[in-house]
Amino acid sequence: MTARIIGLAAFAAILVVTQGAYAAVKTETVEYKDGDTVCKGYLAYDDAVKGARPAVVLVHEWWGLGPNVKKNAERLAAMGYVGFALDMYGGALYTDDVKEAGKNASVFKGD
């Protein structure tokens, strides 16, 4: 029984530490231009980390700049990286409609 209590206490301590670290993750929209197209990338970083740190650029799925790629940027930030999810389509487009996603992605097929 004592081992179980110690194990549960250790697990709870890990949760507190990881939740505390994750709570420091900040996100923001970063606007930039590609020609005349205004793009809105998604930046995630841990503001508790000081100084230089590695960065990872993420490219979204054909659906657009959606929750999956944003969550991945946040996970990277929680690990000490700067995560930047670029906005390939411009305007931070996102859809869950297959036809709309295909239309958005088709712009790049012939390019």
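**Entry 1: the sheet**

I started at Y42, whose bridge partner in strand 4 is A85. Before going on, I noted that this is a predicted model, where local features need pLDDT of at least 70, side-chain atom pairs count only at pLDDT 80 or more, and totals for chains, interfaces and linings use all residues. I also noted that residues are numbered from 1 along each chain as its sequence is written, and that side-chain values use heavy atoms, with hydrogens and water left out.

Strand 2 and strand 4 (residues 82–85) run antiparallel, and I found 3 bridges joining them. For pairing I used the rule that DSSP must find at least two bridges between two strands. Helices (H or I, at least four residues) and strands (E, at least two) are DSSP runs, numbered from the N terminus.

Next I looked at the other partner of strand 2. Strand 1 (residues 25–34) is joined to strand 2 (residues 37–46) by 10 bridges, and the two run antiparallel. In this pair, V25 stands opposite D46 of strand 2. I then followed the chain from strand 1 into strand 2: they form a hairpin with 2 residues between them, and G35 in the turn has a positive phi of about 65°.

What is the order of the strands in the sheet? I read 1-2-4-3, in an open sheet of 4 strands with mixed pairing. Strand 1 and strand 3 (55–58) are the edge strands, each pairing on one side only. On average, neighbouring strands of this sheet are turned by 20° against each other, direction ignored. For such angles, axes are lines fitted to C-alpha atoms (for helices over the stretch in contact), and angles run from 0 to 180 degrees between N-to-C directions.

**Entry 2: the whole chain**

Along the sequence the pattern reads α-β-β-β-α-β-α. Of its 111 residues, 27% count as buried. Here buried means under 20% relative accessible area, exposed over 50%, and partly exposed in between (1.4 Å probe, protein chains only).

**Entry 3: E74 and its partners**

I came back to Y42 from the side-chain end. Its side chain makes a polar contact with the side chain of E74, at 2.4 Å. A polar contact is a pair of N or O atoms within 3.5 Å; within protein, one must be able to donate a hydrogen and the other to accept it, and residues adjacent in sequence count only if both atoms are side-chain atoms.

E74 belongs to helix 2 (residues 67–78). Is E74 buried or exposed? I put it down as buried, because its relative accessible area is 14%.

E74 also forms a salt bridge with K71, the closest N and O atoms being 3.4 Å apart. The term needs a side-chain nitrogen of Lys or Arg within 4 Å of a carboxyl oxygen of Asp or Glu. Both residues lie in helix 2, 3 residues apart, about one turn of the helix. K71 itself is partly exposed, at 34% relative accessible area.

**Entry 4: helix 3**

How many salt bridges does a search of the whole structure find? I got 2. One of them joins the side chains of K103 and E100 (3.9 Å, N to O). These two are separated by about one helical turn, because they are 3 residues apart in helix 3. K103 is exposed at 53% relative accessible area, while E100 is partly exposed at 31%.

K99 is also in helix 3, and it is exposed, with a relative accessible area of 72%. I checked K99 against W63: they are 36 residues apart in sequence and 10.0 Å apart in space, C-alpha to C-alpha.

F108 is another residue of helix 3 (residues 98–109). I have it as partly exposed, with a relative accessible area of 33%.

**Entry 5: a backbone note**

Last, I looked at A92, in the loop between strand 4 and helix 3. Its phi is near 55°, a positive value in a residue other than glycine. I flagged this because most residues other than glycine have a negative phi. A92 counts as partly exposed, at 28% relative accessibility.
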